[in-house]
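My notes follow the order in which I checked things.

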Amino acid sequence: MIVIGIDPHKQTLTAVAVDGGTGQALGELTVPARAPGFERLVEWARSLDAERSFAVEDGRHVSGALERSLIDRGERSVRVPPRMMGESRRTDRISGKSDPVDATAVARAALRHPDLPEATLAGIEREIGLLVAHREMLVNERTDRICKLRWLLHDLDPDLAPPLRTLDRFKMLDRLATTLRALEPSVVKELCLELLNRCREITVRANELERRIRAVMKTHAPALLEIPGCAALTAGKIVAETAQVCRFPTERHFARYAGTAPIPASSGARHRQRFNRRGNRQLNAAMHRIAVTQIRMHEPARVYLATKRAEGKTKTEAIRALKRHLTRVVFKTLTSMDRPADRLTAAAA
């Protein structure tokens, strides 16, 4: 059996075939990152060995078309996280960096981690992810506009500055716009009004997207919304980043992917776990939001936290334990959802 590691880019992709038993490179190929190039890649791979699999570096937008092409042709492929590829390259005896070196590291990382989830076709999870990501982009843009607006208002008149976290409210935007229009004409006034209008436009669109995401989540993952502290946006992030929970063999694999699995850091009589910096940080952030919300308003979570503190854990360690517990709850919720068979396809992330 051979593993074909692929380093994808916008214009080209480089593939290196590696022996599954020895890890030795057997050949390499660079083709255009277009449909004819994908066809040539598959033909080349099939000529090398009848038993093969593809390992693609997780490049999201630059690897999606390749993955869809491989699946359409009946080929098995997995995604290798860039961090995992980098670790494989650092432990290799070959120094330097090039596309063939990266592709070889991708293949060898896949050999070292045979339990990597298999890539599948994109479905409703990808659409949810696109909606959530687009809303986040708009909110970030609004934050940037608000920061610029506040500095201009301070320069114009420090007393014009509105209270914090109020410039996403239409009432405050209207009040501030009315005050600005009553002032003498100036470039600062003109720019402030322009920024106010843009903040209003972004808020309108962000609210529309949030309502749309909420409606989709009520249809496709209502059980997630029943978890205390898991609102529509957080549920959407979980569904999008999980991208088909059935691709994880066990709940432990899911926790490791979410970056909530404990990492032992004990020595002698001292037993502790350290912060897990790996895994999907977007999914980890979603778990953290649920944990923080439950600590604030959900009594069972407070009791769980107090129990862990009584066991000698620090507050930080207790929160990590709560996140691990919530990961288990989310995994069981996702696996228990009754969903139509035609919606069980998603993009591996």
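These entries go from the whole chain to the sheet, then to helix pairs and a single position.

**Entry 1: ground rules.** I am working with a predicted model, in which local features need pLDDT of at least 70 and side-chain atom pairs count only at pLDDT 80 or more, while totals for chains, interfaces and linings use all residues. Residues are numbered from 1 along each chain as its sequence is written, and side-chain values use heavy atoms, with hydrogens and water left out.

**Entry 2: whole chain.** I counted 13 helices and seven strands in the protein chain. Helices (H or I, at least four residues) and strands (E, at least two) are DSSP runs, numbered from the N terminus. Along the principal axes, the C-alpha atoms fill a box of roughly 75 × 55 × 45 Å. Of the 349 residues, 44% are buried; buried means under 20% relative accessible area, exposed over 50%, and partly exposed in between, with a 1.4 Å probe and protein chains only. I also looked at contacts (heavy atoms within 4.5 Å). Among those between residues at least 6 apart in sequence, 61% join residues at least 24 apart.

**Entry 3: the sheet.** In what order do the five strands of the open sheet run? I read β3-β2-β1-β4-β5, with mixed pairing. Two strands pair if DSSP finds at least two bridges between them. β3 (25-32) and β5 (77-80) are the edge strands with a single partner each, so one side of each has no neighbour in the sheet. From one strand to the next, the twist averages 25 degrees.

**Entry 4: β2 and β3.** Strand β2 (residues 12-19) pairs with β3 in the antiparallel sense over seven bridges. I noted L13 with its bridge partner V31 in β3, and T14 opposite T30 in β3. The two strands form a hairpin with five residues between them. In the turn, G23 has a positive phi of about 80 degrees.

**Entry 5: helices across the sheet.** Helix α1 (residues 35-48) lies across β1 (2-8), β2, β3 and β4 (52-57), and runs at about 165 degrees to β3. Helix α2 (residues 64-72) lies across β1, β2, β4 and β5, at about 165 degrees to β4. For these angles, axes are lines fitted to C-alpha atoms, for helices over the stretch in contact, and the angles run from 0 to 180 degrees between N-to-C directions.

**Entry 6: α1 against α2.** I found α1 and α2 packed at an angle of about 50 degrees, with their axes 10 Å apart. That makes α1 oblique to α2. Angles under 35 degrees count as roughly parallel, over 145 as roughly antiparallel, 65 to 115 as roughly perpendicular and the rest as oblique. The contact is made by F38, L41 and V42 of α1 with A65, L66, S69 and L70 of α2. By class, this contact has six nonpolar, one polar and no charged residues. Ala, Val, Leu, Ile, Met, Phe, Trp, Tyr, Cys and Pro count as nonpolar, Asp, Glu, Lys and Arg as charged, and the others, Gly among them, as polar.

**Entry 7: α3 against α4.** The axes of helix α3 (residues 82-90) and helix α4 (residues 99-112) come within 8 Å and cross at roughly 105 degrees. α3 is thus roughly perpendicular to α4. From α3, M84, M85, S88 and R89 meet V101, D102, A105, V106, R108, A109 and R112 in α4. I sorted the contact of α3 with α4 into six nonpolar, one polar and four charged residues. Which residues of α3 are buried? They are M84, M85, G86 and S88, and the buried residues of α3 pack against β4, β5 and α4.

**Entry 8: α11 against α12.** Helix α11 (residues 281-297) and helix α12 (residues 299-310) have axes that come within 6 Å and cross at roughly 100 degrees. The two are therefore roughly perpendicular to each other. Q294, I295, R296 and M297 of α11 make the contact with E299, A301, R302 and L305 of α12. The residues divide into four nonpolar, one polar and three charged.

**Entry 9: T333.** I placed T333 in helix α13 (residues 315-336). Is T333 buried or exposed? T333 counts as buried, at 13% relative accessibility. Not counting residues up to four places away in sequence, T333 touches A223, L224 and I227.
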